[in-house]
Amino acid sequence: MLSKTEKKVRKILIKVARGSLDTYHFRKITYKELWLTQYPEETWGQGHTPEVVEWIVNISNADTDNGLPPLNALVVRKDTSEPGKDWKSWHKSVGSPFESQAHAQAACWAYWPSMHVVETFYRKR
């Protein structure tokens with residue numbers, strides 16, 4: 001079961017997947033940006049990365065257990081636009097059905113489409 005913080009973080013990650021949250025990398029979010037959504041008044045330091053990793057691993061474990069794409073694929077380093085080394089370790093440990101991080105990201109974007117796509121679909125009906 002997800003903690004209260006993890007539930008809030010998951011909602012943020014779904015907004016990121018939909019492109020409805022302004023972030024440094026479109027439809028991705030940096031570790032710092034994600035941490036600051038929970039602690040906006042505090043100063044970021046790389047020592048906070050393990051806390052973010054714990055949130056996103058717990059969220060992605062719960063989601064993949066329910067057949068959903070892993071939202072942790074959207075959490076990236078600012079300098080590379082790629083997840084950190086922990087993503088590859090997680091990916092191997094859970095036996096993810098996604099071949100790569102890019103495949104997992106594409107699955108997130110397809111599962112949680114942008115609000116523009118959803119609005120267009122319903123407007124035409």
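Biologist: At the start of helix 5, which backbone nitrogen does a side-chain oxygen of Ser100 come within 3.4 Å of?

Modeller: First, the conventions: this is a predicted model, in which local features need pLDDT of at least 70 and side-chain atom pairs count only at pLDDT 80 or more, while totals for chains, interfaces and linings use all residues. Residues are numbered from 1 along each chain as its sequence is written, and side-chain values use heavy atoms, without hydrogens and water. Helices are DSSP runs (H or I, at least four residues), as are strands (E, at least two), numbered from the N terminus. At the start of helix 5, the nitrogen in question belongs to Ala102.

Biologist: Which residues of helix 5 are buried?

Modeller: Buried means under 20% relative accessible area, with a 1.4 Å probe and protein chains only. In helix 5 (residues 101-111), this applies to Gln101, Ala104, Gln105, Ala107 and Cys108. They lie on the same side of helix 5, because they cover an arc of only 160° around the axis (the arc of the directions from the helix axis to the C-beta atoms). These buried residues pack against helix 1, strand 2 (75-76) and helix 4 (85-94); contact means heavy atoms within 4.5 Å.

Biologist: How many residues does the largest nonpolar core have?

Modeller: A nonpolar core is a set of buried Ala, Val, Leu, Ile, Met, Phe, Trp, Tyr and Cys residues joined through side-chain atoms within 4.5 Å. Here the largest has 22 residues, and Leu13, Leu34, Val52, Leu71 and Val75 have the most contacts inside it. Helix 1 (4-18), helix 2 (31-38) and helix 3 (49-65) each supply at least two residues of this core; helix 1 gives the most, six. Another core, of six residues, lies apart from this one and includes Ala73, Trp87, Phe98 and Ala107.

Biologist: At what angle do the axes of helix 1 and helix 3 cross?

Modeller: Two packed helices are described by the angle and the distance between their axes. Axes are lines fitted to C-alpha atoms, for helices over the stretch in contact, and angles run from 0 to 180 degrees between N-to-C directions. The axes of helix 1 and helix 3 cross at roughly 80° and come within 10 Å. Helix 1 is therefore roughly perpendicular to helix 3, a term covering 65 to 115 degrees.

Biologist: Is Ile12 buried or exposed?

Modeller: Ile12, in helix 1, is buried, with a relative accessible area of 15%.

How values were computed:
Buried < 20%, exposed > 50% of the residue type's maximum accessible area, 1.4 Å probe, protein only. Polar contact = N/O pair within 3.5 Å; in protein donor to acceptor, adjacent residues only side chain to side chain. Parallel < 35°, antiparallel > 145°, perpendicular 65-115°, else oblique.
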